[in-house]
Amino acid sequence: MSLHTQTTSLHPHPPRGFTPRQYLACLSGIMIREGLRFLNQRERFVSSLVRPLLWLFVFAAGFRQVLGVSIIPPYRTYVLYEVYITPGLAGMILLFSGMQSSLSMVYDREMGNMRTLLVSPFPRWFLLVSKLFAGVAVSVVQVYAFFAIAWFWNVRPPPVGYLLVLPALFLGGMMLCSLGMFLSSMIRQLENFAGIMNFVIFPMYFASSALYPLWRIQESSPLLFRICQGNPFTYAVELIRFALYGRIEWMSLGIVFGFTVLFLGGAIFAYDPAHGLLGRKRDTGGNG
Amino acid sequence: MPLKSRFCTAVVMSLVAGAQPASAFMAYVSNEKDNTVSVVDTASGTVVKTLPVGQRPRGITISHDGKFIYLCASDDDTIEVIDTQTHEIVGQLPSGPDPELFVLSPDGKTLYVANEDDNLVTVIDIESRDVLAEIPVGVEPEGMGISPDGKTMVNTSETTNMAHFIDTDSHEITHNVLVDSRPRFAEFKPDGSEVWVSAEIGGTVSVIDNASRAVKHKITFEIAGLRSEAIQPVGVRITADGKKAYVALGPANRVAVVDTTTYKVEKYVLVGQRVWQLAFTPDQKTIISTNGVSNDITFIDVATDEPVQSITVGAMPWGVVVSPQ
């Protein structure tokens with residue numbers, strides 16, 4: 001990262017304050033790196049799209065007639081199942097991609113790239129938020145690619161929804177990415193990622209309103225309904241769903257925002273060398 | 001970046017295209033089961049009033065000046081006249097027994113009523129409230145259509161499976177055209193060249209050439225994932241420009257959009273359960289469907305053929321008409 005070396009060489013002893021321009025340079029450096037990584041891994045892009053598309057084309061096809069008995073907000077009329085699960089699948093992209101970026105942090109740590117990032121003189125929180133932001137930006141691009149394909153599959157929210165959903169996707173993505181980052185601080189090795197898959201991603205995804213409306217879950221199991229209600233992913237999906245139809249769901253917005261702050265705080269704390277969740281595991285980090 | 005700006009332009013363009021002007025009309029929906037008429041403001045999409053009416057209200061239409069609603073109160077064997085200003089029942093027309101569906105002549109003076117139980121079509125002069133004629137037709141008459149010039153009236157009989165062409169001057173049947181099982185509805189194309197007759201059990205719409213009085217085409221429907229028995233065409237409406245037809249498909253919960261030149265189904269629009277009758281708003285921007293089992297009506301945008309909104313009305317909505325103002 002020439003940018004950082006340049007900054008460091010200019011200021012061997014990092015000054016207390018940076019100008020906004022310098023912050024921006026740092027952010028764009030991290031974003032460019034994430035973007036390049038994304039562009040260089042086309043398979044990752046394709047695979048990130050294949051997963052939700054399989055759900056849309058195959059899974060939803062078998063459940064076409066499932067809904068349509070009751071109209072739930074934000075829908076104003078009857079919708080097919082594929083229309084219902086589209087916001088949930090957008091959430092799925094954010095979830096997987098948030099976890100993927102956490103995976104990449106474990107990888108970075110194992111390979112030593114992380115050290116390059118963290119030795120930068122910018123405040124640690126800023127570096128982490130920039131990294132998160134870059135990760136979310138990449139996943140939001142994936143979501144829009146998914147929406148574009150879904151449009152041809154007759155999932156067509158109002159045009160204004162595509163614009164309104166952007167902040168909702170960013171906030172939801174920030175929440176899931178910061179959760180991933182927080183978890184990544186606790187994973188010792190890359191191989192442990194499978195655990196995250198089974199213990200975090202799948203339960204979060206299935207026990208939410210992504211696949212079925214909550215009233216339907218309540219009909220079959222009140223306990224599951226309560227679990228879904230306690231799942232922050234449910235609110236990320238609902239926030240996206242309402243935004244996609246031009247509406248703001250304030251409760252979801254508040255809850256997603258709250259969890260973002262919580263997870264982000266946790267991640268910053270975990271990566272803070274002074275507090276040292278990471279420091280304690282230094283023996284497995286670094287170059288070897 | 002040019003790509004970025006192109007994207008922004010596309011977004012703005014689509015936003016502009018997606019904006020829909022609100023149109024304020026009153027829609028009147030007859031609710032077969034709870035003996036009411038729901039008055040719906042089409043701009044706000046809300047039920048503004050529910051009027052108690054006679055028993056089993058079904059066929060509903062409006063005078064050309066928009067002042068009076070005519071309503072078949074089937075189990076009361078009468079046609080009620082409702083003032084659209086006061087929402088009061090101001091009179092009755094002698095319909096004959098069990099009136100189900102009717103059609104108003106283009107001059108607005110004559111009402112042609114199908115009497116389901118008596119196998120008759122009753123012709124009523126609205127002003128004098130006199131029965132001008134009773135025309136014997138097939139068994140269980142239902143669908144009623146009238147040509148734009150007012151010279152030909154078509155009645156369909158559910159059990160005889162025929163479309164009867166009736167001369168409105170002589171009140172005589174001139175032609176009988178055999179169609180598929182249980183014909184429910186007859187609708188003339190605005191240029192008068194064709195009559196579209198839906199067959200509920202047959203699952204088809206027969207297009208009858210008005211000059212030769214012969215079936216020139218049969219439209220069939222297929223919806224992936226639905227068995228063919230669930231597809232039961234009932235109400236039919238054709239746009240004023242004659243280009244598109246909308247066919248309500250009953251328990252298929254869909255309205256089919258048909259190209260009137262190629263007779264190809266362009267789209268199936270998802271609406272509520274057991275969709276029955278249809279009505280355009282006067283500006284032809286919206287078509288409204290009545291969904292009997294789910295007790296609601298669905299607004300479909302005619303330009304995009306997208307369902308916009310569904311509103312709960314009374315129990316078992318059957319017919320719908322929209323005021324011209």
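**Figure 1. Overview of chain A, a predicted model.** Of the 288 residues in chain A, 39% are buried (20 or more other C-beta atoms within 10 Å of a residue's own, with C-beta atoms placed from the backbone). The model is predicted: local features need pLDDT of at least 70, side-chain atom pairs count only at pLDDT 80 or more, and totals for chains, interfaces and linings use all residues. Residues are numbered from 1 along each chain as its sequence is written, while chains are lettered from A and ligands numbered from 1 in the order in which they are written. Chain A has twelve helices and zero strands (DSSP runs numbered from the N terminus; helices are H or I with at least four residues, strands E with at least two). Among its contacts with a separation of 6 or more, 79% join residues 24 or more positions apart. A contact requires C-beta atoms, placed from the backbone, within 7 Å.

**Figure 2. Helices α4(A) and α7(A) cross at roughly 35°.** Helix α4 spans residues 81–111 of chain A and helix α7 spans residues 159–184 of chain A; their axes come within 8 Å. Axes are lines fitted to C-alpha atoms, for helices over the stretch in contact, and angles run from 0 to 180 degrees between N-to-C directions. This crossing is right-handed (near helix turned clockwise from the far one by less than a right angle). Residues of α4(A), including A:G91, A:L95 and A:M105, meet residues of α7(A), including A:G173, A:L176 and A:M181. The contact of α4(A) with α7(A) has twelve nonpolar, eight polar and no charged residues. Nonpolar means Ala, Val, Leu, Ile, Met, Phe, Trp, Tyr, Cys and Pro; charged means Asp, Glu, Lys and Arg; the others, Gly among them, are polar.

**Figure 3. Helix α4(A) also packs with α11(A).** Helix α11 covers residues 232–244 of chain A; the angle is about 130° and the axes are 8 Å apart. From α4(A), A:P87, A:G88, A:A90, A:G91 and A:L95 take part; α11(A) contributes residues including A:F233, A:I240 and A:R241. By class, eight are nonpolar, two polar and one charged.

**Figure 4. Chain B holds an open four-stranded sheet.** Its order is β4-β5-β6-β7, with antiparallel pairing (at least two DSSP bridges between two strands). β4 (57–62) and β7 (89–93) of chain B stand at the edges with a single partner strand each, so one side of each lacks a neighbour in the sheet. Neighbouring strands are turned by 25° against each other on average, direction ignored. Four bridges join β4(B) to β5 (residues 68–73) of chain B. B:T61 stands opposite B:Y70 in β5(B).

Conventions. Contact = placed C-beta atoms within 7 Å. Buried ≥ 20, exposed ≤ 12 C-beta atoms within 10 Å, placed from the backbone.
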